[in-house]
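Visitor: I'd like to go through this one and ask where the labels come from. Can you walk me through it?

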Amino acid sequence: METTETTQTNSTPFPNIPPVIESNDSEYRDTGVPSTVAIAGHPLHPLSVIFPIAFLAAALGSDIGYWLTGDFFWARASLWLIGLGLAGGVLASAIGLSDFLKIERVRKRTAGWAHLILNVSILVLSLINFLLRWGDAESRIVPWGLLISLIVGTLTSVSGWFGAELSYRHKIGVVGAGSRRYP
């Protein structure tokens, strides 16, 4: 016999993958929780993460380009991409932190905490990667810069998964009229 909690977990129209992520049918069916930072109701956090993600992913690509060719162009490109990704990430994190602190539903979800911790880790590693290269963009790419870029790229993908969980499964930071508290 299933309990109410098990029924709620399995009643959403999608599988509960991975199993550490909670599902709640009432969250799936409600109108959603609006973002705390929005313009005309349009949440800014999803918009603000696009460039930092792109810059940090491109930095991994340019590190690989340097590794394969030894061309200084790729080393300089990586430095700029990491710097721009870091600056954009700080802006995106400020917006995301506002939602995290002001929306109770975010803090009650494993995905919210995982997203926060992963993004702080990404920013710290990106800062280390940037400082490692500052003044000598070329000599520290292989192996440490490339390794850090690979870790940042992997963490960014995982964090993006958790961010999507918050938006699509828990309807946080969407255009909606729901309460900022847990339903």
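Visitor: What makes residues 49-68 a helix stretch or a strand stretch, and how far apart are the end C-alpha atoms?

Guide: Keep in mind that this is a predicted model. Residues 49-68 come out as 95% helix and 0% strand, with the end C-alpha atoms 29 Å apart.

Visitor: Where does the name "transmembrane region" come from?

Guide: That one is from the record: an unreviewed UniProt entry puts the feature at residues 49-68, 80-101, 113-135 and 141-162. Such annotations may be inferred rather than shown by experiment. For residues 113-135, the model gives 91% helix and 0% strand, and the end C-alpha atoms lie 35 Å apart.

Visitor: How do you know what span to expect for H7?

Guide: The expected span is 1.5 Å times one less than the number of residues. H7 covers residues 110-133, which is 24 residues, and the expected value is 34 Å. From first C-alpha to last, H7 reaches 34 Å, close to that expectation. After H7 comes Gly-135, with a positive phi near 85 degrees.

Visitor: Which residues of H7 are called buried, and what do they pack against?

Guide: Buried means under 20% relative accessible area. In H7 the buried residues include Leu-118, Ile-122, Ser-126, Asn-129, Phe-130 and Arg-133. The buried residues of H7 pack against H3, H4, H5, H6 and H8. As background, an α-helix has 3.6 residues a turn, so residues three or four places apart point the same way.

Visitor: Why does Ile-172 count as buried?

Guide: Its relative accessibility is 6%, and the cut-off is under 20%, so Ile-172 counts as buried. Ile-172 sits in the segment after H8. Leaving out residues up to four places away in sequence, Ile-172 touches Val-33, Ile-103, Arg-105, Val-106, Leu-166 and Ser-167. Ile-172 and Phe-100 are 72 residues apart in sequence, with 9.8 Å from C-alpha to C-alpha.

Visitor: How do H4 and H8 cross, and at what angle?

Guide: The axes of H4 and H8 come within 9 Å and cross at roughly 150 degrees, and the crossing is left-handed. Among the residues that meet are Ile-53, Leu-56 and Asp-63 in H4, and Gly-145, Ser-149 and Thr-156 in H8.

Visitor: What kinds of residues make up the contact of H4 with H8?

Guide: Twelve are nonpolar, three polar and one charged. Asp counts as charged, and Asp-63 is one of the H4 residues in that contact.

Note on methods:
Residues numbered from 1 in each chain as written. Predicted model: local features only at pLDDT ≥ 70, side-chain atom pairs only at ≥ 80, totals over all residues. Heavy atoms only, no water. Helix = DSSP H or I, 4+ residues; strand = E, 2+ residues; numbered from the N terminus. Buried < 20%, exposed > 50% of the residue type's maximum accessible area, 1.4 Å probe, protein only. Contact = heavy atoms within 4.5 Å. Axes fitted to C-alpha atoms, helices over the stretch in contact; angles between N-to-C directions. Left-handed = near helix turned anticlockwise from the far one by under 90°.
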